[in-house]
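Hi,

Here is the structure I said I would pass on.

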Amino acid sequence: MPALAPGKRLKSAVCTTEIMVITAPEGDVDLRCGGAPMAEDGDGSGTVDAAHGEGSAIGKRYVNGDGSLEVLCVKAGDGSLSLGEDALKVKDAKKLPKTD
Amino acid sequence: MMLLEMAAGGFGDRVAFTDPRVGDSITYQQLYDAAGAAARDIRACGAARVAMLDVSNLAIPVALFASGWAGVPYVPINYRLTAQEIDALLKRVQPAYLVTDEERAASFTGRECAALRARDAFLETTRRGGASDEQRSMAPDDIGVLLFTSGTTGTPKAAVLRHRHLVSYILSSVEFASAAEDEAALVCVPPYHIAGIAATLSSVYAGRRVVQLANFSADAWIDAARAERITTAFVVPTMLARIVAALEGEKNANMPHLQSLSYGGGKMPVTVIEKALALFPETDFTNAYGLTETSSTITVLGPEEHRAAMATEDEAASRRLVSVGVAMPGVEIEIRDGQGNPLPPGERGEIHVRGEQVSGEYEDRGSLVDANGWFPTRDAGYQDEAGYLFLDGRADDVIVRGGENMSPGEIEDVLLEHVAVADAAVVGLPSEEWGEAVSAVVVAASGTPVGDALAQELRAWVKQRMRSSRVPESVAFWSDLPYNETGKLLRREVKARLVDPRENVRAAVPLLYTGDIERSLAFYCDKLGFTLQNRWDPEGRLAWCLLAMEGAELMLQRAEPADLTGLAAGRSDIALFFVCEDVDALHERFLSRGVAAKPPTVAFYGMRQVTVRDPDGRSICFEHPVEAGEGFSR
């Protein structure tokens with residue numbers, strides 16, 4: 001498992017999902033998509049684990065329970081994101097006025 | 001680049017940018033493909049920078065995203081600078097891939113550039129390029145944009161914005177694909193300004209169509225807002241003031257589509273924002289404060305707070321209308337004194353900011369961010385108990401008179417309340433007695449006679465309302481104050497002009513010629529003794545030139561007959577007036593050169609003048625205000 005730095009891009013091994021890391025805990029992070037570990041060179045050729053098959057949505061931010069891991073989905077896919085076995089949840093959109 | 005990739009993937013068929021001048025538009029997918037084709041071209045020529053020297057048009061987002069794709073910094077250059085200033089900046093960004101308008105591109109042929117692309121050809125080629133599989137550069141630490149700051153003193157600094165700063169700003173302030181299909185943003189800030197960059201990136205990420213307004217005028221803005229059914233727009237205070245003035249007499253701005261109007265970039269006069277709130281009753285107003293070095297907005301005063309401030313009797317809440325709001329998510333603000341100690345609410349000090357979007361870095365000068373991540377903005381202000389930030393000039397604007405610190409903004413606010421004052425600037429000038437003396441420059445309301453009587457009245461006006469130390473020792477009257485293009489008062493320039501009046505010499509209007517401009521140029525240079533400062537000869541024909549001579553400056557400009565009014569068309573019964581520091585010396589000079597000129601006289605309105613006739617029979621008058629007490633001669 002790679003250590004994740006903010007800005008790092010990872011691809012799913014089992015679908016078209018791509019993410020960018022926004023925040024990540026220190027050390028190795030077991031970030032998965034569709035049940036399989038994500039990697040910089042994930043080729044999407046594997047099969048989505050049905051237990052992690054709800055899909056990812058472009059532009060959504062996903063966080064773990066304590067908020068120590070946050071990723072941005074930059075390309076949607078059939079697999080859903082998880083930290084180990086624990087599914088990541090969509091972070092609520094903030095309501096901000098338009099400034100520019 | 002990632003932002004555009006997401007936009008193309010999420011809503012590729014939506015229209016991304018519209019250039020109403022040429023009636024052309026580009027979708028997100030087309031923009032993505034064009035950026036890929038341009039990136040290939042940029043890489044092929046070995047450029048280290050992408051330089052953009054042009055007004056708002058469709059080539060701008062193509063070049064911006066292409067530079068990110070190719071992994072080289074994007075450097076927009078202010079096309080309003082003089083030819084020499086532009087040359088100096090271009091030298092600093094070589095080897096560059098330069099995109100500019102067709103006319104400039106033709107005149108730049110043969111320059112040292114990795115590649116020179118004329119805008120229309122650039123757009124045509126890149127839009128024909130088809131889908132690109134060109135490898136993308138992705139490092140968050142790469143430089144995304146280099147922005148030259150306005151550089152009111154010395155050489156412009158190049159602020160460094162890395163991808164991580166820009167992306168962090170967008171992710172914390174914009175929700176992906178949050179714009180409805182019919183939303184459109186009117187972008188009228190220049191593309192070389194941080195607000196222009198931020199508007200481009202935010203709109204792309206939100207999926208909001210951008211309508212590009214190349215040259216701002218209130219009428220053009222109003223027309224575009226109505227015709228393009230604009231839903232959101234950003235303006236600087238001077239723009240809003242002009243829009244409000246252009247709508248004078250109308251009860252309602254009649255822009256039912258305009259959901260939100262944000263403003264920032266300088267101090268917004270409270271009278272302007274109050275009028276605007278009345279004219280746009282359905283529109284959400286947002287005040288945004290930010291800097292180039294912070295990737296744009298860091299504090300926001302939102303629509304609810306605008307309405308609350310208008311509706312309430314509560315003084316603290318209504319005062320917030322003149323604040324710039326509270327820090328954005330992920331941004332921290334701290335006010336510090338001169339020693340760097342944090343100050344409590346209500347106390348004025350230098351604004352410090354911390355956050356992922358804060359760069360604070362300049363090319364070749366390193367970062368101004370301290371070990372704990374704080375960036376000193378050089379802006380001064382204070383926060384109220386609830387964290388609302390009030391701007392109060394620049395940190396180094398503070399006037400220290402006899403050991404007492406005072407803020408010029410407070411004194412300006414009091415002057416502005418006087419009915420005879422249209423605009424005011426207060427600065428500290430060196431004084432042997434006080435260290436610094438409070439000096440005011442006032443632009444009088446139109447039709448108000450200026451002079452000693454008004455100066456005395458204004459001093460008394462301040463004295464009634466403030467401590468006596470705040471009363472200006474001197475009050476000068478100017479026809480206008482120097483502002484930068486986003487409406488920030490250039491206080492340093494005011495100071496420089498007050499200290500050395502020669503700084504104040506500016507040709508009031510250019511002399512317009514349809515006839516023999518070269519003959520007149522020869523007259524001014526050979527006969528009167530002016531020296532040529534600068535001339536521009538597109539197509540081998542003099543378009544304009546700037547002349548100067550010991551405190552006098554004037555400009556000759558070629559014009560089409562249709563451009564000319566009666567005044568400029570050379571009616572000999574009308575004089576043209578130019579500011580001149582030393583009228584008597586100029587007269588001596590004319591005589592020594594054999595130019596017929598009567599001795600200087602003082603006009604009844606207090607100007608010492610010397611007049612000569614030019615070869616076209618026009619009266620050319622050089623003048624300067626007389627000292628107080630000097631008599632008038634009729």
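Starting with chain A: residues 24 or more positions apart make up 61% of its contacts with a separation of 6 or more. Bear in mind throughout that this is a predicted model.

In secondary structure, chain A has 9 strands and 0 helices, and reading along the sequence you get β-β-β-β-β-β-β-β-β. Its radius of gyration is 13 Å, close to the 13 Å the globule rule gives for 100 residues, so chain A is as compact as a globular protein of that length. The C-alpha trace spans about 40 × 25 × 25 Å along the principal axes of chain A.

On burial and surface, 44% of the 100 residues of chain A count as buried. The chain exposes about 4,900 Å², with carbon and sulfur atoms supplying 49% of that.

Is it buried or exposed? Thr377(B) has 3% relative accessibility, and the cut-off for buried is under 20%, so Thr377(B) counts as buried. A polar atom of the Thr377(B) side chain lies 3.0 Å from the backbone nitrogen of Asp379(B). Leaving out residues up to four places away in sequence, Thr377(B) touches Tyr289(B), Leu291(B), Glu350(B), Ile351(B), Val353(B) and Arg394(B).

Cheers

Technical notes
Residues numbered from 1 in each chain as written. Chains lettered and ligands numbered in written order. Predicted model: local features only at pLDDT ≥ 70, side-chain atom pairs only at ≥ 80, totals over all residues. Heavy atoms only, no water. Helix = DSSP H or I, 4+ residues; strand = E, 2+ residues; numbered from the N terminus. Rg over C-alpha atoms; globule rule 2.2 N^0.38 Å. Buried < 20%, exposed > 50% of the residue type's maximum accessible area, 1.4 Å probe, protein only. Contact = heavy atoms within 4.5 Å. Areas by Shrake-Rupley, 256 points an atom, 1.4 Å probe, with all protein chains shown as cover. Polar contact = N/O pair within 3.5 Å; in protein donor to acceptor, adjacent residues only side chain to side chain.
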